[in-house]
Amino acid sequence: MFENIVLTGFADEIDASLDKQIRVLKKLHMNHIEMRGVDGRNFVDYSEAEAREIKKRLDDNGISLSAIGSPLGKIGIKEDFAPHMELYKHTVELAHIMGTPNIRMFSFYGTEKEAPAAYREEVMNRLGQFADYAASNEVVLLHENEKGIYGEMAEGCLDIMKQFYGEHFKAVFDFANFVQARQDTLEAYEMLKPYIAYIHVKDALWKDGSVVPAGYGDGNVKVILKMLKAEGYGGYLSLEPHLTEFVGFAALEKNGKTEGKLSGEEAFTLAYDSLVKLLNLV
C-alpha cells in the first residue's frame, strides 16, 4: 500500500447536494474533496461570503479541500480573456478562504482549423499571466491534460511545463484524458513525471474512449501507480469517476446492476473500491 498519499475526489459526481457529498465521503472514510460543484452551482461562481459558509460546513464534518476543481482555461483561445482573468482572481480568493493553495486549470481550447502551433503564443501569454498572479498570491496552479486543449497530448503539456513549472505551477496527470486523446499513458508519464504533483484517477478504453473503473482500461493505471510508489510520490489521488453510464458493473460485482445507470453514489463508490484494490496490489 502507498504511504503518504491522500484520497480525494470530485464529490459532485455523488450528488449535487453538498450534504449528500459529505455523507458519502464520510461513509468511505475520506476527508478531502476536490471541489467543483456545490449544491448545483460551480464553486467558482460563489461569493466570498458564501464560500465561508461552505467552508464552515466542511469544517464541521472534518473535510478539507485538496484543490478547487476550477474551469479556468476551459474557454476558446479566441474568446475574450479579460473576464476570465477576473474569474481567476476571484478563484484565488476562494482558495485562500478554503485553505487550499491548489487550483486545477486548463490551457485553452484551440480551433478546428488551426494546429496548436498557430495559437501557442497566445496560450503562453495567457498562462503566463496566470502563473505570475499565482506566484504573487501564493497559490499553486495544477494544469490538467484534457482533450481539445493546447495541453491535450504529452508534448503540449511538456511545452507548458518547460515554460512555467515551479513552486506555483505544476502538472495534473489524468489517465483517461490521455487515452481519449490517443496518447499512450506510459509515454506521457515518462515525459511528465518530473512535473507531476497531482493525480486524477479514472481509466478509459482505447477503442472508444469510454470511461471505466481504474485498472479496467488502457491507461496503465496499475503500472504507473507502481512507478509513482517507487519514486516516492506523496500527494493526492483524486477520484473523478465518470461512471454513471458504465455498463460493465455486473461483471465486477456479484450483485451489480445489469440495466440502467448507476447512481452517483454507486459510481463514486465503485471508483473508490477499484482504486483501493489497485493500491493494495502495488
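Reader: Before anything else, what counts as a helix or a strand here?
Author: Both are DSSP runs numbered from the N terminus: helices are H or I runs of at least four residues, and strands are E runs of at least two. H84, for example, sits in helix α3, which covers residues 82-98.

Reader: What kind of model is this, and how are residues numbered?
Author: This is a predicted model, in which local features need pLDDT of at least 70, side-chain atom pairs count only at pLDDT 80 or more, and totals for chains, interfaces and linings use all residues. Residues are numbered from 1 along each chain as its sequence is written, and side-chain values use heavy atoms, with hydrogens and water left out.

Reader: How many helices and strands does the protein chain have?
Author: The protein chain has 10 helices and 12 strands. Its radius of gyration (taken over C-alpha atoms) is 18 Å, close to the 19 Å that the globule rule gives for 282 residues, so the chain is as compact as a globular protein of that length. That rule is 2.2 Å times the number of residues to the power 0.38.

Reader: Back to H84: is it buried or exposed?
Author: H84 is buried, with a relative accessible area of 8%. Buried means under 20% relative accessible area, exposed over 50%, and partly exposed in between, using a 1.4 Å probe and protein chains only. Across the protein chain, 54% of the 282 residues count as buried.

Reader: Which residues does H84 touch, neighbours aside?
Author: Leaving aside neighbours within four places in sequence, H84 is in contact (heavy atoms within 4.5 Å) with P71, L72, G73, K74, I75, F108 and F130.

Reader: Changing topic, where is E34, and what is its nearest opposite charge?
Author: E34 lies in strand β2, residues 32-35. It is buried yet has no salt bridge, and the nearest side chain of opposite charge, R104, is 4.8 Å away. A salt bridge here is a side-chain nitrogen of Lys or Arg within 4 Å of a carboxyl oxygen of Asp or Glu. Lys and Arg count as positive and Asp and Glu as negative, while His and the chain ends are not counted. Beyond four places in sequence, the contacts of E34 include R104, Y198 and H200.

Reader: And where is A214?
Author: A214 is in the loop between β11 (211-212) and α8 (221-230). At 5% relative accessibility, A214 counts as buried. Leaving aside neighbours within four places, A214 has contacts with V201, D203, V221, S274 and L278.
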